[in-house]
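Hi,

Here is the structure I promised to pass on.

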Amino acid sequence: MKIFLLLVAVELCWAQYNPNVESGRTSIVHLFEWRWADIALECERYLAPNGYGGVQISPPNENIIITNPWRPWWERYQPISYKLCSRSGSEDELRNMVTRCNNVGVHIYVDAVVNHMCGSGGGAGTHATCGSYFNAGTRDFPAVPYSAWDFNDGKCHTGSGDIENYGDIYQVRNCRLVSLLDLALEKDYVRSTVANYMNTLIDMGVAGFRLDASKHMWPGDIKAFLDKLHNLNTKWFPEGTKPFIFQEVIDLGGEPITSDQYFGNGRVTEFKYGAKLGTVIRKWNGEKMSYLRNWGEGWGFMPSDKALVFVDNHDNQRGHGAGGASILTFWDPRLYKMAVGFMLAHPYGFTRVMSSYRWERNFVNGQDQNDWIGPPSNPDGSTKSVPINPDTTCGDNWVCEHRWRQIRNMVIFRNVVNGEPQVNWWENGNNQVAFGRGNKGFIIFNNDDWDLSINLQTGLPGGTYCDIISGEKEGNSCTGITVNVQNDGMGYFQIRTSAEDPFIAIHVNAKL
């Protein structure tokens, strides 16, 4: 009986690390600033058929409406209440989307903004997405309700009330992050209010949460409100399933707040991943792809089973957050596809793909002055729908990286090789590398300035395979490059430096 109880305790302890994706699915996509109606459609027509496990959605709760600058993306991160109306849609549209996505096996992960409310200079009135009254100056949010008693101002001892020194954990966790009103999460009332908001979403059918600004909350406070959460809805999840939790903690080293302080609550975003991978793919600071042989924990990253990984996110693709100029994004498509391809082929971490929109960039002294611009919008500030072009790409400045053939097919690759070890590593000592995943898949990169032509051990069964980067398998033929693997597993690869995408990937489901 003691052993049984111990096993149950261990299972419960680890439950929040489980992404709750359907069996055979291994990645989620962040459909940044998409409308609920468009996400529902995308789940049915594209994500489910192509093996995506879930969608991270933008914050669904009521936020302040900011008109100077005009409707920036970051207004979504300034809550006014926990009512479920935003420029992505109404509560009914949100519920419909969650239901429709779950029904096709694509689960929903909510970006939960629970560290703070709107900025202290947010004024007063009803300029919020549900029309609720608030007064930022007096810290009055009657639609929640929160009052001045529910904020941390008395515990912050900086002159400005904002964080002034990231070397001081008390400032980082008790003071205002860029003037955002910091909630007193040590109060049971605040914890219960946050948990009630999250439970409303859990009961609706969501599978988990990204906890925004987790670094600015005490790990014990996070645990306290997580302990109040319901199990997931049994219409779509096994009885007793806990929500998946991944916490935004920017830890590039050198600060007293570290990622491992949050492991007890769930997974943590590994920001070193995109920053380091971007430096390697760009070949900056003498970095080479051959150094990726021990990628993951060998590079000082957190344990794989605690990590949520990504090449870029909505913050650092704009130069905010972590990683600086090394971060690869859709603006550098050739290098970006290589980086995402490597991420999805490599076994480390749980992977999230980014899906973005374009904006008019305006650099002054290396800083984009337009990094605030919100999603493609109508003149009244409402978000535009995502139109799909005949070639399956998106229009109206929606980038939709998750629909790029190379990225979509690597999501499928990761599903095919899931659970297989990394094997048959090869490198040329520079920027040509290759590796397999058991006997299920193989990938090779040429990021050097000269052509690659080589026979390598793939570990795969003999036969003819379709490269899923230059094309794919259609019926009994390939639309792109074909790779012949001999019965001993040896395959011949040729990648010219002029190739549109200087990498090739094959797997057993793309074998003729």
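This is a predicted model: local features need pLDDT of at least 70, side-chain atom pairs count only at pLDDT 80 or more; totals for chains, interfaces and linings use all residues.

The largest pocket holds about 730 Å³ of space. It is lined by 27 residues, and those closest to its centre are Leu 177, Val 178, Asp 315, His 320 and Gly 321.

How many cavities of 30 Å³ or more does a search of the whole structure find? The search comes back with 2. The largest cavity has about 50 Å³ of space. Its lining is made up of 13 residues, and Asn 152, Arg 173, Leu 183, Trp 218 and Asp 221 are the closest to the cavity's centre. Sorted by class, that lining has 5 charged, 4 polar and 4 nonpolar residues.

The second largest cavity comes in at about 30 Å³. Around it you will find Val 311, Asp 312, Tyr 336, Val 340, Met 343, Arg 352, Val 353, Met 354 and Ile 407. Two elements, α8 (333-345) and β12 (350-355), each give two or more residues to this lining. By class, the lining of the second largest cavity has 7 nonpolar and 2 charged residues, with no polar ones.

Next, a helix pair. We describe two packed helices by the angle between their axes and the distance between the axes. For helix α2 (residues 36-47) and helix α3 (residues 91-103), the angle is about 10 degrees and the axes are 8 Å apart. Since angles under 35 degrees count as roughly parallel, α2 is roughly parallel to α3. On the α2 side, the contact uses Trp 36, Ile 39, Ala 40, Leu 41, Cys 43 and Glu 44; on the α3 side, the partners are Glu 93, Leu 94, Met 97, Arg 100 and Cys 101. The residues of this contact split into 8 nonpolar and 3 charged, with no polar ones.

Last, the salt bridges. The structure holds 30 of them. One pairs Glu 33 with Arg 76, with the closest N and O atoms 2.7 Å apart. Where do the two partners sit? Glu 33 is in the loop between β1 (27-31) and α2, while Arg 76 is in the loop between β2 (54-57) and α3. The two are 43 residues apart, so this pair links distant parts of the chain.

Cheers

Notes: Residues are numbered from 1 along each chain as its sequence is written. Side-chain values use heavy atoms; hydrogens and water are left out. On a 1 Å grid over the protein atoms alone, a cavity is a set of points where a 1.4 Å probe fits but cannot get out, and a pocket is an open set with protein on both sides within 12 Å along at least five of seven lines; lining residues have an atom within 4 Å of a point. Grid points are joined across faces, edges and corners, and a volume is the space filled by probe spheres set on the points. Ala, Val, Leu, Ile, Met, Phe, Trp, Tyr, Cys and Pro count as nonpolar, Asp, Glu, Lys and Arg as charged, and the others, Gly among them, as polar. Helices (H or I, at least four residues) and strands (E, at least two) are DSSP runs, numbered from the N terminus. Axes are lines fitted to C-alpha atoms, for helices over the stretch in contact, and angles run from 0 to 180 degrees between N-to-C directions. Angles under 35 degrees count as roughly parallel, over 145 as roughly antiparallel, 65 to 115 as roughly perpendicular and the rest as oblique. Contact means heavy atoms within 4.5 Å. A salt bridge is a side-chain nitrogen of Lys or Arg within 4 Å of a carboxyl oxygen of Asp or Glu.
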